[in-house]
Amino acid sequence: QRQMCIRDRFCIVVISTFGINWTAGFGIAIRLELLLIPIIFGIGGALIAIVGANVGAKKYNRAVIITWKGTSFSVFIVGIIGLFFSIFPDVWSSFFTDNIVIKETAKSYLEIVAPFYAFFALGLGLYFTCQAFNTLFWPVIGTLIRLLFVVIVTFSLFYMNIASPYLLFITMSFGLIIYGTFIALSLHFGPCLLY
(Lines give C-alpha, C1' and ligand atoms only; values in the text may rest on other atoms or scores of the structure.)
Protein backbone atom coordinates (compact mmCIF):
# COMPACT_ATOMS: atom_id res chain seq x y z
CA GLN A 1 0.00 0.00 0.00
CA ARG A 2 2.86 2.37 0.78
CA GLN A 3 4.36 1.83 -2.66
CA MET A 4 0.96 2.47 -4.24
CA CYS A 5 0.76 5.82 -2.41
CA ILE A 6 4.27 6.70 -3.59
CA ARG A 7 3.34 5.86 -7.18
CA ASP A 8 0.12 7.90 -7.00
CA ARG A 9 1.91 10.92 -5.55
CA PHE A 10 4.62 10.64 -8.18
CA CYS A 11 2.02 10.45 -10.97
CA ILE A 12 0.11 13.46 -9.62
CA VAL A 13 3.29 15.53 -9.45
CA VAL A 14 4.20 14.56 -13.02
CA ILE A 15 0.70 15.13 -14.44
CA SER A 16 0.53 18.51 -12.69
CA THR A 17 3.27 19.76 -15.03
CA PHE A 18 0.65 19.70 -17.81
CA GLY A 19 -1.67 22.09 -15.99
CA ILE A 20 -4.54 22.30 -13.53
CA ASN A 21 -7.10 20.62 -15.77
CA TRP A 22 -4.90 17.57 -16.30
CA THR A 23 -4.25 17.35 -12.55
CA ALA A 24 -7.95 17.55 -11.73
CA GLY A 25 -8.95 15.08 -14.43
CA PHE A 26 -6.27 12.61 -13.40
CA GLY A 27 -7.27 12.94 -9.74
CA ILE A 28 -10.90 12.20 -10.57
CA ALA A 29 -10.05 9.24 -12.79
CA ILE A 30 -7.58 7.55 -10.46
CA ARG A 31 -10.13 7.59 -7.62
CA LEU A 32 -11.94 4.83 -9.48
CA GLU A 33 -8.85 2.62 -9.28
CA LEU A 34 -8.59 3.26 -5.55
CA LEU A 35 -12.28 2.48 -5.00
CA LEU A 36 -11.78 -0.91 -6.63
CA ILE A 37 -9.35 -1.93 -3.91
CA PRO A 38 -12.07 -2.75 -1.31
CA ILE A 39 -13.67 -5.16 -3.81
CA ILE A 40 -10.35 -6.97 -4.24
CA PHE A 41 -9.75 -6.84 -0.47
CA GLY A 42 -13.14 -8.37 0.24
CA ILE A 43 -12.53 -11.36 -2.00
CA GLY A 44 -8.84 -11.58 -1.09
CA GLY A 45 -9.54 -11.55 2.65
CA ALA A 46 -11.81 -14.57 2.26
CA LEU A 47 -9.18 -16.30 0.10
CA ILE A 48 -6.52 -15.94 2.80
CA ALA A 49 -8.68 -17.93 5.21
CA ILE A 50 -9.88 -20.55 2.71
CA VAL A 51 -6.54 -21.14 0.98
CA GLY A 52 -4.65 -20.96 4.28
CA ALA A 53 -6.92 -23.59 5.84
CA ASN A 54 -6.31 -25.95 2.92
CA VAL A 55 -2.56 -25.37 2.98
CA GLY A 56 -2.60 -26.06 6.73
CA ALA A 57 -4.55 -29.27 6.12
CA LYS A 58 -1.98 -30.21 3.44
CA LYS A 59 -4.65 -30.17 0.75
CA TYR A 60 -2.32 -28.32 -1.60
CA ASN A 61 -4.04 -29.18 -4.87
CA ARG A 62 -7.34 -27.86 -3.54
CA ALA A 63 -5.61 -24.72 -2.25
CA VAL A 64 -4.16 -24.03 -5.71
CA ILE A 65 -7.55 -24.54 -7.41
CA ILE A 66 -9.26 -22.19 -4.94
CA THR A 67 -6.50 -19.62 -5.46
CA TRP A 68 -7.09 -19.36 -9.19
CA LYS A 69 -10.90 -19.59 -8.99
CA GLY A 70 -11.18 -16.91 -6.30
CA THR A 71 -8.74 -14.58 -8.00
CA SER A 72 -10.48 -15.09 -11.35
CA PHE A 73 -13.73 -13.94 -9.74
CA SER A 74 -12.04 -10.76 -8.53
CA VAL A 75 -10.43 -10.20 -11.94
CA PHE A 76 -13.80 -10.65 -13.67
CA ILE A 77 -15.64 -8.13 -11.48
CA VAL A 78 -12.91 -5.47 -11.57
CA GLY A 79 -12.28 -6.10 -15.26
CA ILE A 80 -15.96 -5.54 -16.11
CA ILE A 81 -16.01 -2.31 -14.09
CA GLY A 82 -12.85 -1.13 -15.84
CA LEU A 83 -14.24 -1.92 -19.28
CA PHE A 84 -17.54 -0.21 -18.50
CA PHE A 85 -15.89 3.05 -17.42
CA SER A 86 -13.43 2.94 -20.32
CA ILE A 87 -16.42 2.87 -22.70
CA PHE A 88 -18.54 5.33 -20.67
CA PRO A 89 -15.95 7.50 -18.86
CA ASP A 90 -18.28 10.49 -18.53
CA VAL A 91 -20.51 8.46 -16.20
CA TRP A 92 -17.70 8.49 -13.62
CA SER A 93 -16.38 12.03 -14.09
CA SER A 94 -19.92 13.50 -14.01
CA PHE A 95 -20.10 12.59 -10.31
CA PHE A 96 -17.35 15.14 -9.61
CA THR A 97 -17.44 17.94 -12.18
CA ASP A 98 -19.34 19.59 -15.00
CA ASN A 99 -16.18 21.17 -16.43
CA ILE A 100 -15.86 19.83 -19.99
CA VAL A 101 -12.06 20.17 -20.12
CA ILE A 102 -11.56 18.30 -16.84
CA LYS A 103 -13.99 15.60 -17.98
CA GLU A 104 -11.99 15.19 -21.17
CA THR A 105 -8.77 14.63 -19.22
CA ALA A 106 -10.45 12.07 -16.97
CA LYS A 107 -11.86 10.45 -20.10
CA SER A 108 -8.37 10.13 -21.59
CA TYR A 109 -7.09 8.32 -18.51
CA LEU A 110 -10.06 5.97 -18.24
CA GLU A 111 -10.04 5.09 -21.94
CA ILE A 112 -6.35 4.19 -21.84
CA VAL A 113 -5.84 2.70 -18.36
CA ALA A 114 -9.22 1.35 -17.17
CA PRO A 115 -9.32 -1.58 -19.67
CA PHE A 116 -6.30 -2.99 -17.83
CA TYR A 117 -7.75 -2.86 -14.31
CA ALA A 118 -8.15 -6.64 -14.54
CA PHE A 119 -4.35 -6.93 -14.26
CA PHE A 120 -4.47 -4.76 -11.15
CA ALA A 121 -7.05 -7.14 -9.64
CA LEU A 122 -4.92 -10.13 -10.67
CA GLY A 123 -1.79 -8.84 -8.94
CA LEU A 124 -3.47 -7.53 -5.81
CA GLY A 125 -5.78 -10.54 -5.55
CA LEU A 126 -2.87 -12.97 -5.71
CA TYR A 127 -1.07 -10.91 -3.07
CA PHE A 128 -3.63 -12.22 -0.56
CA THR A 129 -3.26 -15.86 -1.53
CA CYS A 130 0.51 -15.49 -1.41
CA GLN A 131 0.06 -14.74 2.28
CA ALA A 132 -1.71 -18.08 2.66
CA PHE A 133 1.18 -19.79 0.84
CA ASN A 134 3.63 -17.88 3.06
CA THR A 135 5.42 -16.33 0.09
CA LEU A 136 5.07 -12.54 0.10
CA PHE A 137 8.47 -11.92 -1.48
CA TRP A 138 7.26 -12.04 -5.09
CA PRO A 139 4.23 -9.76 -4.70
CA VAL A 140 6.46 -7.15 -3.07
CA ILE A 141 8.96 -7.50 -5.92
CA GLY A 142 6.10 -7.21 -8.44
CA THR A 143 4.90 -3.99 -6.84
CA LEU A 144 8.44 -2.62 -6.83
CA ILE A 145 8.93 -3.53 -10.50
CA ARG A 146 5.71 -1.73 -11.41
CA LEU A 147 6.80 1.37 -9.49
CA LEU A 148 10.30 1.39 -11.02
CA PHE A 149 8.93 0.81 -14.52
CA VAL A 150 6.58 3.79 -14.31
CA VAL A 151 9.24 6.07 -12.78
CA ILE A 152 12.03 5.10 -15.21
CA VAL A 153 9.88 5.31 -18.34
CA THR A 154 8.39 8.64 -17.20
CA PHE A 155 11.82 10.17 -16.62
CA SER A 156 12.97 8.80 -19.98
CA LEU A 157 10.02 10.43 -21.76
CA PHE A 158 10.81 13.77 -20.15
CA TYR A 159 14.52 13.38 -20.90
CA MET A 160 13.75 12.78 -24.59
CA ASN A 161 11.32 15.73 -24.46
CA ILE A 162 8.41 13.64 -25.78
CA ALA A 163 6.39 13.34 -22.56
CA SER A 164 2.65 13.78 -22.83
CA PRO A 165 -0.27 12.73 -20.62
CA TYR A 166 -1.26 10.12 -23.21
CA LEU A 167 2.19 8.49 -23.19
CA LEU A 168 2.21 8.56 -19.39
CA PHE A 169 -1.19 6.88 -19.28
CA ILE A 170 0.06 4.21 -21.68
CA THR A 171 3.06 3.73 -19.36
CA MET A 172 0.69 3.25 -16.41
CA SER A 173 -1.27 0.67 -18.42
CA PHE A 174 1.88 -1.32 -19.11
CA GLY A 175 2.73 -1.02 -15.42
CA LEU A 176 -0.55 -2.73 -14.54
CA ILE A 177 0.10 -5.50 -17.09
CA ILE A 178 3.60 -6.09 -15.72
CA TYR A 179 2.33 -6.08 -12.13
CA GLY A 180 -0.44 -8.62 -12.61
CA THR A 181 1.48 -10.88 -14.99
CA PHE A 182 4.63 -10.97 -12.87
CA ILE A 183 2.82 -11.94 -9.67
CA ALA A 184 0.68 -14.54 -11.47
CA LEU A 185 3.72 -16.17 -13.08
CA SER A 186 5.75 -16.09 -9.86
CA LEU A 187 2.94 -17.83 -7.98
CA HIS A 188 2.31 -20.32 -10.79
CA PHE A 189 5.96 -21.33 -11.11
CA GLY A 190 6.55 -21.04 -7.37
CA PRO A 191 4.18 -22.39 -4.69
CA CYS A 192 1.47 -23.56 -7.10
CA LEU A 193 3.93 -25.60 -9.15
CA LEU A 194 5.62 -27.05 -6.08
CA TYR A 195 2.31 -28.17 -4.60
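Phe95 is found in the loop between α4 (89-93) and α5 (100-113), where helices are DSSP runs (H or I) of at least four residues, strands are DSSP runs (E) of at least two, and both are numbered from the N terminus. The model is predicted, so local features need pLDDT of at least 70 and side-chain atom pairs count only at pLDDT 80 or more, whereas totals for chains, interfaces and linings use all residues. Residues are numbered from 1 along each chain as its sequence is written, and side-chain values use heavy atoms, with hydrogens and water left out.

**Surface and loops**

Phe95 counts as exposed because its relative accessibility is 61%; exposed means over 50% relative accessible area, buried under 20%, and partly exposed in between (1.4 Å probe, protein chains only). Together with Phe84, Ile87, Phe88, Val91 and Phe96, Phe95 makes a nonpolar surface patch of about 630 Å². Patches are made of residues with over 30% relative accessible area and no salt bridge, nonpolar side chains (Val, Leu, Ile, Met, Phe, Trp, Tyr) being joined within 5 Å and like charges within 9 Å.

Leu136 lies in the loop between α6 and α7 and counts as partly exposed because its relative accessibility is 35%. Leu136 touches Tyr127, Cys130 and Gln131, leaving aside residues up to four places away in sequence; contact means heavy atoms within 4.5 Å.

| Loop residue | Relative accessibility | Class |

**Salt bridge**

A search of the whole structure finds 1 salt bridge, defined as a side-chain nitrogen of Lys or Arg within 4 Å of a carboxyl oxygen of Asp or Glu. Glu33 pairs with Arg146, and their closest N and O atoms are 3.4 Å apart. Glu33 belongs to helix α2 (residues 20-56) and Arg146 to helix α7 (residues 137-159), so the pair links distant parts of the chain, 113 residues apart. Both Glu33 and Arg146 are buried.

**Helix packing and overall fold**

The chain has 9 helices and 0 strands. The axes of α6 (residues 117-132) and α8 (residues 165-188) come within 7 Å and cross at roughly 35 degrees; axes are lines fitted to C-alpha atoms, for helices over the stretch in contact, with angles from 0 to 180 degrees between N-to-C directions. Residues making this contact include Phe120 and Leu124 of α6 and Tyr179 and Ile183 of α8.

Buried residues make up 46% of the 195 residues in the chain. Of the contacts with a separation of 6 or more, 80% are between residues 24 or more positions apart.

Terms used:
Areas by Shrake-Rupley, 256 points an atom, 1.4 Å probe, with all protein chains shown as cover.
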